[in-house]
Amino acid sequence: MKILLVSWSTLPNKGGSSIIVENLAKNFKKEELVVLGSKTFFQDTDMDRSADGPVFEYFVSEMYFMGRGYKYFNWFRKWRFRPLINRIKSIIEQQNITYVIGVYPNPFYCHAACIAARESGVSFSSYFHNTYTENVAITDPNATTIQQEIFDQSEYIFVMSDGMKRFYEQKYQLNKFRSLIHTFNKYPENPPFKGIINAQSPYCKLVAIGNFNESNMDATLRFAAAIHQHKKYKLSLFTHVPKILLKKRGMDLTNVEHQGFVDPDQVHEVLQQYDICVLTHGFTGGYGVIEYETIFPTRMIPLLLSGKPIIAHSPEGSFLNAFIKENHCALLVDQPSKNAILKALDQLSNDPELQKALVEASKKTAEKFYGPEVVKKWKATLASNQRSHDEVNV
């Protein structure tokens, strides 16, 4: 079996989905997997990847202005839709592809992969990192039809978390849904945790990483506001979202240090410079209730591996909260209250035993996401269905 993974988001393009695809691909050999991703005109896509690893192909489907304005060039994307399908079909033929995986969150690439697989007569499954039609931010009038076509064509519908799986099973009554979680591929070496030591610092250093948008903006703003004039805490944000956009989204950066984008390979080293890791997850916003209930943040994994205690500000009833409670891997603030945030910060920063317990629990929890084991099970699932498909067609 040789797989073609079609994903709008791939490195060097920034974002959680790009990291997910990259980490997944690292568990395949050149003869097992090809990845097709998006790019803009003249974009440099050269990366230092293993020569024995999967081949990464790119297709020009994007136009931006200074890295922004995705929605304004939808006309160009639509114009490139049929050429994208033809490119996928060409790769299927040239690379002897027997299985195509279409990745969402981008219906353009996932839908094209679905059509190309059908026209080429090869097996197809989809991989949803987020909900699609349930997300109220999706305004495409064709979304329901597109999702139905993808669902119908998929032998399996892989989803990012057990929470998404349960939701989809209850709503659609299909036996196609399987969890395919985030992965990491190498355990970092952390020194033994000795508690937060601030002898050489006048404040407790907090750090948050990732994309700060509708998926977590309200919680991030609340967290920043809670420590706004507090001398004990200072928050650093490592994100590709520029200062001007954070301010436009309502963030006061008075007590927040904007550190810019950090390369995924450097995240662990950066986190070692801080005392407490902060995870914020949206309570409300432009994505809709179901999306906030089922999102599982990509940045959770590097935080679990950091060797630092985690404080999470996340809404009651979400899958993320259920996961944290089950694994005891973060101090949870599940009420939209600045006072509750400060109270939890004081509790965590002053309790060495709690810090140590959270770090130990995080280390154990991270084992669930170890890439080689996750991908071994995924390969077995696909291979089993491929054998059944081949037997039917003998």
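**Close-up views of a predicted model**

Figure 1. Cys114 is buried, its relative accessible area being 0%. The coordinates shown in this and the following figures belong to a predicted model. With a disulfide taken as two cysteine sulfur atoms within 2.5 Å, the structure contains zero disulfides. Cys114 accordingly takes part in none, and the nearest cysteine sulfur, which belongs to Cys110, lies 7.2 Å away.

Figure 2. The cysteine sulfur closest to that of Cys277 is found in Cys204. The two sulfur atoms are 11 Å apart, which is too far for a bond.

Figure 3. Strand S12, spanning residues 310-313, pairs with S13 in the parallel sense. Three bridges connect S12 and S13. In one view of this pairing, Ala312 has Leu332 of S13 as its bridge partner.

**Figure 4. The largest cavity and its lining.** The structure holds one cavity of 30 Å³ or more. The space within the largest cavity amounts to about 30 Å³. Its lining consists of Ala208, Phe212, Thr220, Phe223, Leu235, Leu237, Val278 and Thr280. Two or more lining residues come from each of helix H7 (217-226), strand S9 (233-238) and strand S11 (276-280). By residue class, the lining of the largest cavity comprises six nonpolar and two polar residues, with no charged residue.

**Figure 5. Burial of helix H1.** Helix H1 covers residues 16-25, and eight of its 10 residues are buried. The helix is therefore largely enclosed by the rest of the structure. The buried residues of H1 are Ser17, Ser18, Ile20, Val21, Glu22, Asn23, Leu24 and Ala25.

Definitions and conventions:
Residues numbered from 1 in each chain as written. Predicted model: local features only at pLDDT ≥ 70, side-chain atom pairs only at ≥ 80, totals over all residues. Heavy atoms only, no water. Pairing = 2+ DSSP bridges. Helix = DSSP H or I, 4+ residues; strand = E, 2+ residues; numbered from the N terminus. Buried < 20%, exposed > 50% of the residue type's maximum accessible area, 1.4 Å probe, protein only. 1 Å grid on protein atoms, 1.4 Å probe; cavity = no way out; pocket = protein on both sides within 12 Å on 5 of 7 lines; lining within 4 Å. Points joined across faces, edges and corners; volume = space filled by probe spheres on them. Nonpolar A, V, L, I, M, F, W, Y, C, P; charged D, E, K, R; others polar.
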